[in-house]
Amino acid sequence: MKAFEASDDIPLTALKILIAGGFGVGKTTMVATVSEIEPLTTEEILTTASAATDSLVGVENKTTTTVSMDFGRITLWRQQLQLLLFGTPGQDRFWFMWDDLALGSIGAVVLADTRRLDDCFSAVEFFEDRGVPFVVAVNEFDTAHRYTAEEVQSAIELNPDVPVIMFDARAPFSTQQVLIRLVEYALTLSLRSSPASEPALEPPAPTPSPSLPSASAASFDGNPHRAL
């Protein structure tokens with residue numbers, strides 16, 4: 001049962017969000033964890049043929065990989081939003097798809113693994129170059145050292161405004177908080193970039209009425225008819 005049945009009368013706003021990052025950082029897990037529908041996945045088994053192109057350093061136990069995209073959906077009834085989640089493939093050889101996937105999105109979540117932090121650099125650069133709002137979500141793997149958000153932000157040399165969030169891609173509530181933070185951040189940037197309100201027009205200055213000569217200002221030039 002939905003938490004807010006009364007919200008059914010209000011249309012939901014659909015927002016497209018990208019879940020991006022390096023190879024084996026948890027993108028498919030994040031989409032599957034939070035999706036309210038059976039997620040669409042394009043996972044394929046890693047073979048020896050891909051060993052030369054898909055490095056497993058740091059993710060030696062990984063046996064599958066996304067070859068196209070992941071798709072999931074989550075409805076935030078309280079916010080009247082429906083988030084459409086598109087997980088990108090992580091390997092460099094699938095980067096040609098990223099521009100198409102990014103079309104129409106309000107922003108992206110860049111996943112990072114502090115054991116292989118440099119794997120997220122390309123994704124960060126991709127969204128920075130295109131002016132797409134993004135947050136960095138550090139997936140805290142069990143065996144990874146814990147760093148602060150400030151330490152990660154400094155290591156990536158992020159703009160201080162870009163949020164860095166520590167989370168667990170396996171935990172639904174933790175993942176929802178990342179998505180909500182991205183929506184809030186994208187909205188803030190949108191409002192900030194909106195044209196400033198036109199300054200109010202000042203009412204025209206009243207045209208001064210021709211002043212009548214005062215009696216004291218009038219001078220007598222000796223002509224009695226003008227004086228009258």
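Does Asp 142 count as buried or exposed?

Mentor: Happy to. This is a predicted model, so local features need pLDDT of at least 70 and side-chain atom pairs count only at pLDDT 80 or more, while totals for chains, interfaces and linings use all residues. Residues are numbered from 1 along each chain as its sequence is written, and side-chain values use heavy atoms, with hydrogens and water left out.

Asp 142 is exposed, at 58% relative accessibility (over 50% is exposed, under 20% buried, and in between partly exposed, with a 1.4 Å probe and protein chains only). The partner of Asp 142 is Arg 170: their side chains meet in a salt bridge, 3.1 Å from N to O (a side-chain nitrogen of Lys or Arg within 4 Å of a carboxyl oxygen of Asp or Glu). Arg 170 sits in the loop between β8 (164–167) and α5, and Asp 142 in the loop between β7 (134–139) and α4 (149–156), so this pair ties together parts 28 residues apart in sequence. With a relative accessible area of 49%, Arg 170 is partly exposed.

Arg 146 pairs with Glu 140, the closest N and O atoms being 3.7 Å apart. Arg 146 is partly exposed at 42%, and Glu 140 is partly exposed at 23%.

For a contrast in burial, look at Asp 113, which is buried with a relative accessible area of 1%. Asp 113 forms a salt bridge with Arg 115, where the closest N and O atoms are 2.9 Å apart, and Arg 115 is partly exposed at 35%. Both belong to a network of salt bridges that also links Arg 116 and Asp 119. By this rule the count comes to 10 salt bridges.

Asp 119 leads us on to Gly 22, since the contacts of Gly 22 beyond four places in sequence are Lys 27, Gly 90, Leu 111 and Asp 119 (a contact means heavy atoms within 4.5 Å). Gly 22 lies in the loop between β1 (13–21) and α1 (27–34) and is buried at 5% relative accessibility. The C-alpha atoms of Gly 22 and Asp 118 are separated by 8.7 Å, although the two are 96 residues apart along the chain.

An α-helix has 3.6 residues a turn, so residues three or four places apart point the same way.

Two backbone angles deserve a look as well. Glu 157, in the loop between α4 and β8, has a positive phi near 60° without being a glycine, and is exposed at 68%. Gln 80, in the loop between β4 (70–76) and β5 (81–87), likewise has a positive phi of about 60°, but is buried at 15%.

Terms used
Helix = DSSP H or I, 4+ residues; strand = E, 2+ residues; numbered from the N terminus.
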